[in-house]
Amino acid sequence: MKTQKMIRVTAEKCLACKSCEMACAVAHSETKSLFTAIKEEPLPMARIQVEGDNEFCLPIQCRHCEDAPCVKVCPTKAIYKPTPQSPVIMNKEVCIGCKWCILVCPFGVIQLDRSGKTVTRCDLCLERTEKGEEPACVDACPTGALEFMPLDEIAKKKREKALSDYRAGVEI
Amino acid sequence: MDEKRRTSCTASQEMLTRAACDGIETAWDRHEAMEPQCGYGMLGICCRICAMGPCRINPFSEEEGRGVCGATADTIAARNLVRMIAAGAAAHSDHGRDVAHTLVLTADKKSEGYSIKDPVKLLAVAKEMGIKTGNRDLNEIAHDVGETAYNQFGQQEGELIFGHRAPKKQQEIWRKLNVFPRGIDREIVEVMHRTNIGVDCDYKNIIQGGMRAALGDGWGGSMIATDLQDILLGSPLPLRSQVNLGVFKDNTVNMVVHGHEPVLSDLIATITREPEMIEAAKEAGAEGITVGGICCTANEILMRQGFPIAGNFLQQELAILTGAIDAMVVDVQCIMPNLTEVSKRFHTKVITTSPKAKYPDVEHIEFHEENAYSTAKEIVKTAIDNFKNRDRSRVQIPHEKMDLVAGFTAENINWILGGKYRGTYRPLNDAIIAGRVRGVAAVVGCNNPKIEHDTGHYQLVKELLKKDVLVLETGCAAIACAKCGMLIPESIYEYAGKGLRETCEAVGIPPVLHFGSCVDISRLLMAAVGVVRERGCGDDISELPLAAAAPEWMSEKAVSIGFYAVASGIFTVLGVPFPVLGAPNLTRYLTEELENIVGARFAFESDPVKAARLMIEHIDKKRVERKMRPMLYAEGEGQKAEAKAEKEMVTP
């Protein structure tokens, strides 16, 4: 079985350029093009936010939790996880705008959308990943702070790093 | 990416395939790796002007965003844009200043290898500058002309002399708007001052300052560069030559001259024709010397001496990829830093010559007018010496080359149209008024990997010609169309509408006229002035059935050119938008409101055919406003008649 891919963030590489925010808004716009997206009404929204100050910053977006509080709490099942491998997605049609998900999300990555009647959240760029592309934020990141990779690969890389650190005598 | 989607030039496709096989990176690869490019940069809404920043405005916020100082998106984008104008105007004008310097040195007999090649133009310019001619020695006059031109740069008050060449009505608009340039440098400096933190914050006023600097380029720096080069190196006359990478030969010493200032390369080119050098090349085992140019240096030595063109901006790396270039001599502007990297993979020596432009690890043979001839000779010898290092097994010269006719100027087109005894624009004006020629288009500018190489120029011009628009070109646009075979008179049969074809046939010109380098866009301005002066088509430039386009622009110089064109009344379509789209009011000002202020506006359109249609719409609007006759022939009539005639010939 192919393991699930997720977005890995390397905090040291983030320069807070906010290219991910902009690419996210464009990817979730009607026209999918920067020059026209900025003229749409309502304006498209980013699902990723760079938080932090000049000392430390981090792009924060939905972690697509396995045991997701937003899925559990949603009274209309608007937010759901179709299969164990798939990201947490939502069906705007059935959302009643109760905002419980916003309250329970431990990362604060669910926002009210511009209409104020429903919420908006990361869908891991399903439209793009189905075509074999990377999520827009990952594609836009100029420093490689955001990467889209299978979980087992992430773990493997960590083990390799731990090994080389151990060899070099770095305290873990 | 597929080579065919990168460029429509087959010689370039061949070299790109080679680059891919050899693992050599080109601008296209780097552009692809750079994507997606920074949205804030593309929209023009990041500001690095002071250290409270960097600031950026979120284009997806509903609230009006402001930088730390309070600057809005409009202020930020306007400041960034006019700084691009300042840089572009500085580049063109510094070129003009260097030519003025050479002219003064030559007049004082302190330069080596130069003389006054066009005394007629010298006297005409002297008269315009109010310099006494009479029985004075030519060198004395040239000295005064050079000094007067020099002083135009540092002039503090008054109006630029060449600005008075513009139609009276245009000048009045400039005075009213306070954009008549006082001095070339002054306006550039003022832009830099105004865009400092907390100075000019009204985007309309910022643009006014930018326009003034840009006009100082078009009717100042660039015009001085063109006119003084004509005096010093000779005025162009129509001539035949060839274009594309196929101009190089595997049995000759091959040199590329690349950049923009022709003062040195003109000498280099001349020297390669001297028997001594040809002999030296033969001793080295070659059969002669081939000089091919890239970018505007190419256009300059083509226009005056008929030397072939190797290619345009995006072909500079590809020229080295032929493996057949023994030396690439560069001066200033549009020279990619990556040439060094590509040249490391071959025997090619890149040689820098300007004290203003050095590249790490590159041989530098500095050029000064005082010993220009000796320097030029040294450079040619270096190329000949390097011939022996060429690895013949790695030479791959594409076979593509195309004939072309170049060498048109605002002065000589007068004689071509009017005849030997009575130079006049009358036949052109008559053809426009009668509806044979719809109007005139100026197609200029660079290459940009964002637009399929050469296709932007070719498709746009093709559409214009089909609709009977006479096209004047300069720069890399002219090189692109030359490669497509549009610059030979025979191309009227393939591309031109019936009315345009008849006119070109009668006069004996191609439908696309090569007017030279990018500073020679000043020649295009003077051609427009010529049409206005001839009367009947409009009382100022903005009333003419005339439009301009830069389908593949990329340089800051193009921003300056765009602004002096629009401020001179020429509707201008850009293939890549200015970085202003994140500033809604500024965008509206540039693309709509300017028309009621200076008589022309910008349009942004990346599809070349749609861009051509915008130009045609504008031309048609001007024709209606002047109550000109409807077009003589319906579109496609020429082609239909031709097809019918052909059919009749086949079936008697």
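In the predicted model, the C-alpha centres of domain 1 of chain A and domain 2 of chain A are separated by 20 Å. The contact between them involves 9 residues from domain 1 of chain A and 11 residues from domain 2 of chain A. According to the domain assignment, domain 1 of chain A is made up of 1-61 + 122-172, and domain 2 of 64-109.

The area buried between domain 1 of chain A and domain 2 of chain A is about 790 Å², with 58% of it on carbon and sulfur atoms. On the side of domain 1 of chain A, the most area is lost by Gln4(A), Leu124(A) and Leu126(A), which together account for 48% of what that side buries. The residues of domain 1 of chain A that touch domain 2 of chain A comprise 5 nonpolar, 2 polar and 2 charged.

Between the chains, 15 residues of chain A are in contact with 14 residues of chain B. Chain B and chain A bury about 1400 Å² between them, and carbon and sulfur atoms carry 70% of it. The count of salt bridges between chain B and chain A is 0, while 3 residue pairs are in polar contact (both at pLDDT 80 or more).

The largest nonpolar core contains 221 residues, of which Val145(B), Ile207(B), Trp219(B), Leu464(B), Phe563(B), Phe578(B) and Leu590(B) touch the most other members. With neighbours within four places in sequence left aside, the contacts of Phe563(B) are Leu81(B), Ile85(B), Ile207(B), Met211(B), Ala214(B), Phe578(B), Leu590(B) and Phe602(B). Another core, of 35 residues, lies apart from the largest one and includes Met15(B), Ile335(B), Tyr359(B) and Val362(B).

Over all chains, the count of salt bridges is 56. In chain A, Lys72(A) and Asp67(A) are joined through their side chains in a salt bridge (3.3 Å, N to O). Lys72(A) has a relative accessible area of 60% and is therefore exposed; Asp67(A), at 54% relative accessibility, is likewise classed as exposed. In chain B, a salt bridge links Glu140(B) to Arg136(B), with the closest N and O atoms 3.5 Å apart. Glu140(B) counts as partly exposed because its relative accessibility is 43%, and Arg136(B) is partly exposed at a relative accessible area of 27%. Asp539(B) and Arg626(B) form a further salt bridge, in which the closest N and O atoms are 3.9 Å apart.

Key: Residues numbered from 1 in each chain as written. Chains lettered and ligands numbered in written order. Heavy atoms only, no water. Domains from an automatic or database assignment. Contact = heavy atoms within 4.5 Å. Buried area = accessible area lost by both parts, 1.4 Å probe. Nonpolar A, V, L, I, M, F, W, Y, C, P; charged D, E, K, R; others polar. Core = buried A, V, L, I, M, F, W, Y, C linked by side-chain atoms within 4.5 Å. Buried < 20%, exposed > 50% of the residue type's maximum accessible area, 1.4 Å probe, protein only. Salt bridge = Lys/Arg side-chain N within 4 Å of Asp/Glu carboxyl O. Polar contact = N/O pair within 3.5 Å; in protein donor to acceptor, adjacent residues only side chain to side chain.
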